[in-house]
Amino acid sequence: MKYFGNIYIQIVIWTCLGIFAGCSQTVFTERSQVRLLPRNTLNQMAFQQYNSFLQENRPMRAGSELDLVQRVGNDLKEAVTVYYKAIGKERELADFEWEFNVVDQDVINAFAMPGGKIVVYTGIMKVARNEDGLAVVMGHELAHALAHHGNERMSQGLIAQGGLVALDVAMREKPAATRNLLMAAVGAGAQVGVMLPFSRTHESEADEIGLYLMAMAGYDPTEAAPFWQRMSQSGGSRPPEFLSTHPDPTKRSEKLESLIPKAREYAARYPVPRSSKFRR
């Protein structure tokens, strides 16, 4: 009875929070979500963690891989700008400080911080194979930031960690746990644990939004399903940790294939010029 009571309490809490905080909607998919943290507060925390990460994992300062990541990232960022301007929500991008960095490690991973800080490891480049494949994974990461998944996940985590505790209290009383919670919320380190099903919802949503973004930026959306298939096979009998909270590979491919017509519709309606002379 106690277990079910706790679940009931959590449901009531989230229902009340949805009423008092107001439900927001994610871009493109219009899924209702509750975001309890002010964006500037979360961004400040995220940027601090991001800078600490870059100090411990020195990013590349030059090279073809960095050029490629920044080129694809800027194309996707332009697609975001074009779309938000077209739908009258350009002001929502004011809090984003987009940045694309590459860490030279043979790790099949990438992650996005709230506020638009993106990190790509060189290990994932061999799985991407080409610009379209890279646009798949980077579009996926931009989508996490645009959909405020870090805020949503951390909001749930704060409640699970200490009930209706304010962020400043959590940072004062449990600074290490709260920082770890942030890193887990953005997929940059800690185990997701009990938030696993919730995270899979985010991963599927990031797949969808990322597909639309890459198509608008002029990349080939048909590359999405093959990329994720390669990802699922890249670790042999043990897939990369990056995929631990991601959807089932078969279902993921089927969903992405079904969304290609819609992605092409977005590309036709909100086209973004592909500017680089280096494109293959």
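Predicted model: local features only at pLDDT ≥ 70, side-chain atom pairs only at ≥ 80, totals over all residues.
Let's start with Arg-39 and Asp-95, whose side chains meet in a salt bridge, 3.5 Å from N to O. This pair links distant parts of the chain, since Arg-39 is in helix H2, residues 39-56, and Asp-95 is in the loop between helix H3 and strand S3, 56 residues apart.

How many salt bridges does a search of the whole structure find? Seven. I will take two more of them.

The next is Glu-131 with Arg-71, where the N to O distance is 2.9 Å. Here too the pair links distant parts of the chain: Glu-131 belongs to helix H5, residues 131-146, and Arg-71 to helix H3, and they are 60 residues apart. Glu-131 is buried, with a relative accessible area of 4%. Arg-71 comes out at 18%. The cut-off for buried is under 20%, so Arg-71 counts as buried.

The last one I will show is Arg-31 with Glu-152, and the closest N and O atoms are 2.8 Å apart. Glu-152 is buried, at 4% relative accessible area. Salt bridges with shared partners also join Arg-31, Glu-152 and Glu-205 into one network.

Now the helices. Please find helix H10, residues 224-233. H10 is mostly covered, with seven of its 10 residues buried. Those buried residues are Ala-224, Ala-225, Phe-227, Trp-228, Arg-230, Met-231 and Ser-232.

What does H10 pack against? One partner is H5. The axes of H5 and H10 come within 9 Å and cross at roughly 85°. That angle makes H5 roughly perpendicular to H10. From H5, the residues in the contact are Gly-133, Val-136, Val-137 and His-140, and they meet Ala-224, Phe-227 and Trp-228 in H10. Sorted by class, this contact has five nonpolar residues, two polar ones and no charged ones. As background, an α-helix has 3.6 residues a turn, so residues three or four places apart point the same way.

Another partner is helix H11, residues 249-269. The axes of H10 and H11 come within 9 Å and cross at roughly 170°. The two helices are therefore roughly antiparallel to each other. On the H10 side the contact is made by Ala-224, Ala-225, Trp-228, Gln-229 and Ser-232, and on the H11 side by Pro-249, Arg-252, Ser-253, Leu-256 and Glu-257. These residues divide into five nonpolar, three polar and two charged.

Finally, the strands. Strand S3, residues 99-103, is mostly covered, with four of its five residues buried. Which strand is joined to S3, and by how many bridges? Strand S5, residues 117-121, is joined to S3 by five bridges, and the two run parallel. As a place to look, Val-102 stands opposite Val-120 in S5.

To go back to where we began, the loop that holds Asp-95 sits between H3 and S3. That is all from me.

Terms used:
Residues numbered from 1 in each chain as written. Heavy atoms only, no water. Axes fitted to C-alpha atoms, helices over the stretch in contact; angles between N-to-C directions. Parallel < 35°, antiparallel > 145°, perpendicular 65-115°, else oblique. Contact = heavy atoms within 4.5 Å. Nonpolar A, V, L, I, M, F, W, Y, C, P; charged D, E, K, R; others polar. Buried < 20%, exposed > 50% of the residue type's maximum accessible area, 1.4 Å probe, protein only. Pairing = 2+ DSSP bridges. Salt bridge = Lys/Arg side-chain N within 4 Å of Asp/Glu carboxyl O.
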